[in-house]
Amino acid sequence: LESVKVYGLDTIESFELLEDIGKYTLQNELSFRYLTMEVGIIMGMKPSTQPDSIFVNPEAAQGDIAERITVKFGVEDLKAVASILLAVDEAKLGDVSLGSLLDTENIFTCF
C-alpha cells in the first residue's frame with residue numbers, strides 16, 4: 001500500500017448534530033455531494049524462469065518487477081446517518097457538581 005487519498009471532504013451539504021428523534025435517541029447526519037477514494041498500490045512480482053511459461057523474461061535473474069496500480073472509486077450524494085441511544089440516570093446526574101465535570105482528569109469518576 002503506497003497511498004490513500006480521499007477527495008470531496010469539502011463538499012459537505014448538510015451536517016446535523018445531536019438531533020432529538022425519540023425519547024432517548026439522538027441522531028447525527030452528514031451528507032456529501034460526492035466522495036472519491038484513490039488507493040495507490042505497488043505490487044512486486046518475480047518473473048517466471050520456467051521453460052513452459054507463457055511470458056518469458058530473459059532478464060529474470062535481475063530481480064523483481066514492480067508495478068504501480070491506482071484504484072479510484074467514488075460515490076455521489078452520500079448520506080451518513082448514525083443514531084445514539086442515550087440513557088442517563090437523572091439522580092446521579094443531578095448529584096454531579098459543575099466543578100467536577102470541568103476536571104477532565106477525573107471526569108469518569110464523577111458518575
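## Basis of the model

A contact here means heavy atoms within 4.5 Å. This is a predicted model, in which local features need pLDDT of at least 70 and side-chain atom pairs count only at pLDDT 80 or more, while totals for chains, interfaces and linings use all residues. Residues are numbered from 1 along each chain as its sequence is written, and side-chain values use heavy atoms, with hydrogens and water left out.

## Fold and surface

The chain holds 2 helices and 4 strands. Their order from the N terminus is β-β-β-β-α-α. Helices (H or I, at least four residues) and strands (E, at least two) are DSSP runs, numbered from the N terminus. Contacts between residues at least 6 apart in sequence join residues at least 24 apart in 62% of cases.

Of 111 residues, 14% are buried. Buried means under 20% relative accessible area, exposed over 50%, and partly exposed in between (1.4 Å probe, protein chains only). The chain exposes about 9,300 Å², with 58% supplied by carbon and sulfur atoms. These areas come from the Shrake-Rupley method with a 1.4 Å probe; for residues, only the protein chains shown count as cover.

## The nonpolar patch

Leu-1, Val-4, Val-6, Leu-9, Ile-41, Met-43, Met-45, Ile-65, Ile-69, Val-71 and Phe-73 make a nonpolar surface patch of about 930 Å². Two or more of its residues come from each of β1 (3-7), β3 (25-45) and β4 (65-85). β4 gives the most, with 4 residues. Patch residues have over 30% relative accessible area and no salt bridge; nonpolar side chains (Val, Leu, Ile, Met, Phe, Trp, Tyr) are joined within 5 Å, like charges within 9 Å. A salt bridge is a side-chain nitrogen of Lys or Arg within 4 Å of a carboxyl oxygen of Asp or Glu.

Leu-1 sits in the segment before β1. Leu-1 counts as exposed because its relative accessibility is 77%.

## Asn-28 and its surroundings

Asn-28 belongs to strand β3. Its relative accessibility is 16%, so Asn-28 counts as buried. Leaving out residues up to four places away in sequence, Asn-28 touches Glu-16, Leu-17, Leu-18, Ala-80, Val-81, Ala-82 and Ile-84. A polar atom of the Asn-28 side chain lies 2.8 Å from the backbone nitrogen of Leu-18.

## Positive phi

Most residues other than glycine have a negative phi. Leu-18, in strand β2 (residues 12-20), has a positive phi of about 55 degrees. Asp-77, in strand β4, has a positive phi near 50 degrees. Asp-77 is exposed, with a relative accessible area of 60%.

Methods. A polar contact is a pair of N or O atoms within 3.5 Å; within protein, one must be able to donate a hydrogen and the other to accept it, and residues adjacent in sequence count only if both atoms are side-chain atoms.
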